[in-house]
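This briefing looks at how the two parts of one protein chain meet. The sequence and the structure come first, and the notes on the contact follow.

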Amino acid sequence: MPVCRRKVTVIGAGNVGATAAQRIAEAGVADVYLIDVVEGLPQGKALDLSESAPLQHHDQYIIGTNDYADTTESDIIVVTAGLARQPGMSRDDLLLKNAGIVRAVVQQAVHYSPGAIIIMVTNPLDAMVHVALEASGFPRERVIGMAGVLDGARFRSFIAQDLGVSASDVSAFVLGGHGDTMVPVPRYSTVAGIPLPELMKPERIEELVQRTRAGGAEIVTLLKTGSAFYAPASSVFHMVDSILNDRKRVLACAVLLRGEYGLDGLVVGVPLVLGAAGAERIIEVALTEEEKTALMVSAGSVGALVETMHKASA
Ligand code: TXD
């Protein structure tokens, strides 16, 4: 496998962070620096991952550290640091604690990597993108949240299982905040180009939409301690790969809107072109009145969290 010496820093060596590091290194996309507040944890996981390199046939470096100086000149900073949901907790319950953590880690990381692109993962996702924008001072193109890729993958997997078709042939369109109000859009979701409503009854589509909205909670309830991490880590990997290889994939990501979709100054998930410059172009599509209303409700819930954070810090 070819080796690539680009540098991705993953902050938070927990479930999502370590699994994302594994996927990035094993695909030969970049060297990975894992950093955590807990001493020994990133070093131990990085060493363990490095020891699997001969078996996985890659030559990427995976380095664990507690010192941000080691992350100097990273191309991408993935932020997973923070608390994860426990059963009965909503993503929003994590708001103020994670805002403090995200602000601190982003400030430290961007000091050493002022040209990096930030991929935000910590929940509540959209609000944490606001925090990362403020803490970094980066333009909106370089602060992007991972949520739509995951929510879309969940929707795709449910559609594929239900229809008994390959998940690779299913493409799904999910807009809005990463919460219970997210807006999967069946009209723009297809199986090999065939719109979903041609293949599935409306009631069944609605059931899969609801399952997608509650997809994170379904896993939290099963795991009991902690939340999903395999599919989230794969989602991070796809974003990293699209940026570092300038693939210009069209992926749903959380980004600060400035008038697009009728929203201004709020971070919401929308389809965009993800390439070497980050969020290179937002793709706007026509929505029905019902879809627009659902998007506004979802954006409203992000707005409420941002207001709570601003009040708390005032
Ligand atoms: O779609 C999405 N965006 C998400 C988001 C999908 C899955 C998980 N999502 C959120 O990501 C989840 O709700 C959490 O807020 C984060 C990380 O989830 P993960 O499952 O990886 O949590 P862990 O295993 O508890 O790991 C968090 C790590 C842990 O090792 C802590 O020690 C570390 O974060 N941590 C810190 N690292 C550095 N600096 C500071 N201050 C710090 N505080 C905690």
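## Where the two domains meet

Between domain 1 and domain 2, eight residue pairs are in polar contact, with both residues of each pair at pLDDT 80 or more. The model is a predicted one, and the protein in it is divided into domain 1, covering 7–145, and domain 2, covering 148–309.

**The side of domain 1 that touches domain 2**

- At least two residues of this side are supplied by each of helix 1 (15–26), strand 4 (76–79), helix 4 (95–112), strand 5 (117–120), helix 5 (125–136) and strand 6 (143–145).
- Helix 5 provides the largest share of the side of domain 1 that touches domain 2, namely eight residues.
- Sorted by class, the side of domain 1 that touches domain 2 is made up of 26 nonpolar, six polar and nine charged residues.

**Extent of the contact**

- In residue terms, 41 residues of domain 1 are in contact with 50 residues of domain 2, while the C-alpha centres of the two domains lie 21 Å apart.
- About 3,500 Å² of area is buried between domain 1 and domain 2, and carbon and sulfur atoms give 71% of this area.

**The salt bridge**

- How many salt bridges are counted between domain 1 and domain 2? The count is one salt bridge.
- R140 and E260 form a salt bridge, in which the closest N and O atoms are 3.0 Å apart.

Definitions and conventions. Residues are numbered from 1 along each chain as its sequence is written. This is a predicted model: local features need pLDDT of at least 70, side-chain atom pairs count only at pLDDT 80 or more; totals for chains, interfaces and linings use all residues. Side-chain values use heavy atoms; hydrogens and water are left out. Domain bounds come from an automatic or database domain assignment. Contact means heavy atoms within 4.5 Å. Buried area is the accessible area (1.4 Å probe) that two parts lose on being put together, summed over both. A salt bridge is a side-chain nitrogen of Lys or Arg within 4 Å of a carboxyl oxygen of Asp or Glu. A polar contact is a pair of N or O atoms within 3.5 Å; within protein, one must be able to donate a hydrogen and the other to accept it, and residues adjacent in sequence count only if both atoms are side-chain atoms. Helices (H or I, at least four residues) and strands (E, at least two) are DSSP runs, numbered from the N terminus. Ala, Val, Leu, Ile, Met, Phe, Trp, Tyr, Cys and Pro count as nonpolar, Asp, Glu, Lys and Arg as charged, and the others, Gly among them, as polar.
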